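Subject: Structure handover and notes

Dear colleague,

I am passing on the structure we talked about, and my notes follow below it. Please keep it open while you read, so that each place can be looked up along the way.

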Amino acid sequence: MTRDFLAAPAGSRAVLYMRVSTGQQAQNDLSIPDQKKQLRSHCKHHAYIIAGEYSDAKSGRDDNRPGFQTMLEDIKHGGLGCDIILVHSYSRFFRDEVMAELHIRSLAKRGIRLISLTQRTDDSSEGQILRRILAIFDEYTSLETAKHVRRSLHENALQGFWNGGTTPFGYRVVEVGRRGKTLKKGLEVNETEAETVRLMFTLALKGDGTTGPLGIKKIVSWLNERGYKTRNSSRWGVSAVHRRLTDSIYTGVKIFHSGENGGVEIPIAVPSIVSEHDFENLRVVLAEKNPKKAPPRVVSGDVLLTGLVVCPNCGGGMTTSTGKSGRYRYYACSNRMRTGSIGCEGRRVPMEAMDELITTALKASLFTFDKVNEILSPLRERQSRSAEDLEKRLVDRETEVQEAKRKMDNLYSMIEAGVVEAADAAFKDRFQDAKSEFQRAQKERDQIAQEIAPQNRINHDKIVKFVASMQNALNSESIANKRAYIRAAVDAVEVGEDSIQIYGRREQIERAVALESVAPSPVPTFVRGWRRRWDSNPRRALTLVGFQDPKPP
């Protein structure tokens, strides 16, 4: 091949694609700038028109790359016209021969050629074979490199050194030694962040001194209300706090998941921030409160209020207990049954009388037209606002959505143009702020649109239909059907010394009435140890019903 097979006709529209394997290379190496410089120079020399530029700092083993996907999307559906895609070498486009060939052929059907600046091939049979041989060699090189990297990371972890990655909150990376010219790194405690971690564990296990132990959502609110920030100065969220409370690294052990020998876990010693005793205690508490687990007895058992009845003394769930060789059944405090009177002084009430009492109370005091209408009054007041006012608010929110989207598009353009790198910390903060603003504006717009929608407006007929469906379900002989409908509206039944309190959430009733469907879940939420202070948050309460405690037979 003596002639320049890279050349396309002058005036051809070229898309430039650059790639490095890691974010660290993108920040520290000259790879992407150097690729861009050479590709632009080539376009200038051959009089190509640059139609777009895209880059990634990710592995080329698959197509899960933001820049790569954006390039394909713009070409196939975004109206980006081009004749060639120009890369420094075929390995920059892909390091998997099969995937590379699939994309090359897909582009060829659109009349688009892939051209490598440093590996000259043409569209002849020989040229296609050569290109595939080069791709296979690139794939082999990638696999060999990955094998050596895995071995190096494995050995580094066995020696107790830090292998890199995101530094856990509460720690900082420091140099701990050298092996020849290679720096060896480890973790040390970042006291400023570590204090926040210890505070989270204290709040979860003991509270802040004025309350009992706090749940994760309460911890998030507590931290944000007092100005505690994440490492990038953002507000705390539920998932971020949950990760901190469940990460075993804070007990002094970091687990490295090595890819060697079919996958092994290597423990690496690091300075501890919390005691193993506190971590294990909290792990048990979080496991009991896990809302994603629903035991089969809650779904398919023959107990009406299982998973709903709670003890007011300890906040624990009340489970099934029997007496007289199984002739009588009761709801009894699970903590009392498990640990005796030291755990909780406990409660025990006859199941049949309790079920009848709750069912009667719900039919007579909650699922009536007047009571449901009262519960829904705040929503009806919002919906009674003039259509003009709601329409104006909707237009304002739509403007905010479009403005926020414009900001995000501008930030995307900055990445595509190579003005900034996606891994830049300051840019990531700006992008996250813009994304949060976009999501907030969308949510507010959708809420207003939902209130405007005629099908979602609460009226007399919808309330009547909802009440009738609930009354029919409670009169049903089927325990499973009755239980499902109760759980669709009730969150907890707290059995006190001389009263029984029934709690639920207003939004559940609002949703059921608006959609004209109760839609009871076949797998209800399971949470042992509910929040006990429901009266401190009256917005969540649907009703509070007081009754005399049923006497055992």
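How many helices and how many strands are there in the protein? There are 20 helices and 14 strands, and please keep in mind throughout that this is a predicted model. Of the 553 residues of the protein, 40% count as buried, and the accessible surface comes to about 30300 Å², of which 50% belongs to carbon and sulfur atoms. If we take the contacts between residues at least 6 apart in sequence, 66% of them join residues at least 24 apart.

Next, the strands. Strand E5 (residues 171-179) and strand E6 (residues 182-189) pair in the antiparallel sense, over 8 bridges, and one place to look is Tyr 171, whose bridge partner in E6 is Val 189. The hairpin of E5 and E6 has 2 residues between the strands, and in this hairpin Gly 180 takes a positive phi near 70°.

An open sheet of 3 strands, with mixed pairing, has the order E9-E13-E14. Its edge strands, each pairing on one side only, are strand E9 (309-310) and strand E14 (500-503). Strand E13 (residues 492-495) runs antiparallel to E14 and is joined to it by 4 bridges; within this pairing, Glu 494 has Gln 501 in E14 as its bridge partner.

Two residues deserve a look for their backbone angles. In general, most residues other than glycine have a negative phi. Ala 47, although it is not a glycine, has a positive phi of about 60°, and it lies in the loop between helix H2 (31-46) and strand E2 (49-57). Ala 47 counts as partly exposed because its relative accessible area is 42%. Ser 233, which is not a glycine either, has a positive phi of about 65° and is found in the loop between helix H8 (216-225) and helix H9 (238-246). Ser 233 counts as exposed, because its relative accessibility is 56%.

Now to the cysteines. Where is the place of Cys 344? Cys 344 is in the loop between helix H12 (334-339) and strand E12 (348-350), and it counts as buried because its relative accessibility is 6%. Leaving aside residues up to four places away in sequence, Cys 344 touches Cys 311, Asn 313, Cys 314, Cys 333, Asn 335 and Arg 336. From C-alpha to C-alpha, Cys 344 and Cys 311 are 9.2 Å apart in space, while in sequence they are 33 residues apart. Cys 311 counts as buried at 1% relative accessibility, and Cys 333 likewise counts as buried at 1%. As a reminder, a disulfide is a covalent bond between the sulfur atoms of two cysteines; the structure holds 0 disulfides.

Last, the surface. Which residues make the nonpolar surface patch of about 260 Å²? The patch is made by Ile 129, Leu 130 and Ile 133. Leu 130 is found in helix H6 (residues 125-158), and it counts as partly exposed because its relative accessibility is 31%.

Technical notes
Residues numbered from 1 in each chain as written. Predicted model: local features only at pLDDT ≥ 70, side-chain atom pairs only at ≥ 80, totals over all residues. Heavy atoms only, no water. Patch = residues over 30% accessible without salt bridge, like charges linked within 9 Å, V, L, I, M, F, W, Y side chains within 5 Å. Areas by Shrake-Rupley, 256 points an atom, 1.4 Å probe, with all protein chains shown as cover. Salt bridge = Lys/Arg side-chain N within 4 Å of Asp/Glu carboxyl O. Buried < 20%, exposed > 50% of the residue type's maximum accessible area, 1.4 Å probe, protein only. Disulfide = S-S within 2.5 Å. Pairing = 2+ DSSP bridges. Contact = heavy atoms within 4.5 Å.
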